[in-house]
Amino acid sequence: MSSKILMINGSPNLNGYTMACAEKIFEPFTYELLHAYRLNINPCDDCKVCHHVLRCKHKDAIESVIEKIKHSDTLILVSPVYFGAMTDQLLKIINRFQQLFEAKYTHKSTPIKLKNLYVISTCAAPQDTMFDGIKLTTSILKELFSVENVSIFTANNTDHITNILSENKSSIEQFSQQVKKELE
């Protein structure tokens, strides 16, 4: 089966540890890559427009991001951990999914459905609890997009890694094998 895959890189470092992991895991697949820090997206300001009508008051790049998600069956979110959460620019995109929440639950519109959601995340701290915010956001997205398969790859203590790909080789290979089974 051929999947339409969209990857959104939430790291300001386009060639950092987190993207290195994502690229290694998904190297056998063709995907469209968006860099969140290159997108002009306004933050959600809870204006409630989308609660009353099926649109957002902002006219910006989120429209094309949502269109790309609508035409994908797999979404990959890539983000280092910043204070226990995804990066602000990736969260800005996710927060603008409020309009999709309102469309699904308030307006009872046909929701966007995804077959797969993968989240790739790294953090400098050694504690696995640093990924709790990532996991919570992922579970909310799972519900919003009625996702069949959800998987999260995490690598911590990355400030002390000289080569993230070699230091996490077995876990990257294991996750990559899982992805191959789900996407092929």
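**Figure 1. The second largest pocket of the predicted model has a volume of about 230 Å³.** A pocket here is an open set of points, on a 1 Å grid over the protein atoms alone, where a 1.4 Å probe fits, with protein on both sides within 12 Å along at least five of seven lines. A volume is the space filled by probe spheres set on the points, which are joined across faces, edges and corners. Lining residues have an atom within 4 Å of a point; for the second largest pocket they include L91, I94, F97, F101, Y105, I140 and L144. Helix 4 (88-95), helix 5 and helix 6 (132-144) each supply at least two residues of this lining, and helix 6 gives the most, with five. Helices (H or I, at least four residues) and strands (E, at least two) are DSSP runs, numbered from the N terminus. By class, the lining has eight nonpolar, three polar and one charged residues. Ala, Val, Leu, Ile, Met, Phe, Trp, Tyr, Cys and Pro count as nonpolar, Asp, Glu, Lys and Arg as charged, and the others, Gly among them, as polar.

Residues are numbered from 1 along each chain as its sequence is written, and side-chain values use heavy atoms, with hydrogens and water left out. Because the model is predicted, local features need pLDDT of at least 70 and side-chain atom pairs count only at pLDDT 80 or more, while totals for chains, interfaces and linings use all residues.

**Figure 2. The largest pocket has a volume of about 380 Å³.** Among the 23 residues that line this pocket, I66, K70, Q99, L100 and A103 are the closest to its centre. The elements giving two or more residues to the lining are helix 3 (62-70) and helix 5 (98-106). Helix 3 provides the largest share, five residues. The lining divides into twelve nonpolar, five polar and six charged residues.

**Figure 3. Helix 4 has the buried residues Q89, L90, I93 and I94.** Seen down the helix axis, these residues fall within an arc of 145 degrees, so they line one face of helix 4. The arc is that of the directions from the helix axis to the C-beta atoms. Buried means under 20% relative accessible area, exposed over 50%, and partly exposed in between (1.4 Å probe, protein chains only). The buried residues of helix 4 pack against strand 1 (5-9), helix 3, strand 3 (74-80), helix 5 and helix 6.

**Figure 4. I8, L77, I93, F97 and F145 touch the most other members of the largest nonpolar core, which has 32 residues.** A nonpolar core is a set of buried Ala, Val, Leu, Ile, Met, Phe, Trp, Tyr and Cys residues joined through side-chain atoms within 4.5 Å. Helix 3 gives the most to this core, with four residues. Leaving aside neighbours within four places in sequence, I8 is in contact (heavy atoms within 4.5 Å) with residues including L34, V65, L77, L90 and I93. A second, separate core of 19 residues includes F26, Y118, F175 and V179.

**Figure 5. F83 has a positive phi of about 50 degrees although it is not a glycine.** F83 lies in the loop between strand 3 and helix 4 and is exposed, with a relative accessible area of 89%. N157, also not a glycine, has a positive phi of about 60 degrees. N157 lies in the loop between strand 5 (149-155) and helix 7 (164-167) and is partly exposed, at 30%.
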